[in-house]
Amino acid sequence: MDELHGYYLEDLEVGMSASYAKTISEADVYMFAGISGDNNPIHINSEYAATTQFKNRIVHGMFSAALISTVAGTRLPGPGAIYIDQSIQFKAPVYIGDTAKATGTVEEIDTKRRRVKMRTDVHVGDKLVATGYGIFMVDKRPA
């Protein structure tokens with residue numbers, strides 16, 4: 001693996017895993033709202049958020065999905081991998097100041113189709129906050 005190309009299909013094995021952790025700041029939430037256009041007050045308005053079941057602003061669920069994308073695009077399979085599909089279930093809220101850790105674990109490798117299926121989990125501490133599966137297209141090693 002180098003900075004311009006991640007793992008080749010032949011380098012991957014079931015069970016390989018990589019992670020990325022980020023402590024999410026208030027600025028991150030505002031920037032994500034600006035980039036995505038998701039200005040739901042549960043994310044950006046403290047007074048509104050105090051009236052909800054969460055009692056505080058929560059981080060966009062898709063921010064967690066973006067952390068999964070960071071793992072896939074920079075660590076495993078890494079640069080050059082193409083995101084094909086993602087299923088995700090959000091299990092618990094993430095709050096500003098939390099450190100969210102996304103982990104991708106190789107579960108299946110289809111060498112004929114050049115596809116890799118990874119379990120994708122996001123934790124805050126020991127709590128699972130998002131889980132699912134991603135499918136990635138990965139290059140074979142050049143001849």
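**Side-chain contacts in a predicted model**

Glu 26 and Arg 57 form a salt bridge, with their closest N and O atoms 2.6 Å apart. The two residues belong to distant parts of the chain. Glu 26 sits in helix α1 (residues 26-36), while Arg 57 sits in the loop between α3 (46-50) and α4 (61-74), 31 residues apart. Helices (H or I, at least four residues) and strands (E, at least two) are DSSP runs numbered from the N terminus. The structure is a predicted model, in which local features need pLDDT of at least 70 and side-chain atom pairs count only at pLDDT 80 or more, whereas totals for chains, interfaces and linings use all residues. Residues are numbered from 1 along each chain as its sequence is written, and side-chain values use heavy atoms, with hydrogens and water left out.

A salt bridge is defined here as a side-chain nitrogen of Lys or Arg within 4 Å of a carboxyl oxygen of Asp or Glu. By this rule the count is 6. In the pair described above, Arg 57 is buried because its relative accessible area is 9%. Glu 26 is partly exposed, at 38%. Buried means under 20% relative accessible area, exposed means over 50%, and partly exposed lies in between (1.4 Å probe, protein chains only).

Lys 22 and Asp 28 also meet in a salt bridge, at 3.0 Å from N to O. Asp 28 counts as buried, with 12% relative accessibility. Lys 22 is partly exposed, with 24%. Another of the salt bridges joins the side chains of Lys 117 and Glu 108, at 4.0 Å from N to O. Here Lys 117 is partly exposed at 24% relative accessibility, and Glu 108 is partly exposed at 45%. Lys 117 has a further partner. Its charged end sits over the ring of Tyr 133, 4.6 Å from the ring centre. For such a placement, NZ of Lys or CZ of Arg must be within 6 Å of the ring centre and within 35 degrees of the ring normal.

Aromatic pairs were searched for across the whole structure, and 2 were found. Rings of Phe, Tyr and Trp (its six-membered ring) pair if their centres lie within 6.5 Å; planes under 30 degrees apart count as stacked, over 60 as edge-to-face and the rest as tilted. Phe 32 and Phe 63 form a tilted pair, 5.3 Å centre to centre, with 55° between the planes. Phe 32 lies in helix α1 and Phe 63 in helix α4, so this pair ties together parts 31 residues apart in sequence. Phe 32 is buried at 19% relative accessibility, and Phe 63 is buried at 8%.

Tyr 83 and Phe 136 form a tilted pair, with centres 4.6 Å apart and planes at 45°. Tyr 83 is in strand β2 (residues 82-90) and Phe 136 in strand β5 (residues 127-137), so the pair ties together parts 53 residues apart in sequence. Phe 136 is buried at 1% relative accessibility. Tyr 83 is partly exposed at 32%.

His 5 lies in the segment before β1 (17-23). It is buried, at 14% relative accessibility. Its side chain makes a polar contact of 2.9 Å with that of Asp 139. A polar contact is a pair of N or O atoms within 3.5 Å; within protein, one must be able to donate a hydrogen and the other to accept it, and residues adjacent in sequence count only if both atoms are side-chain atoms. Beyond neighbours within four places in sequence, His 5 is in contact (heavy atoms within 4.5 Å) with Pro 79 and Asp 139.
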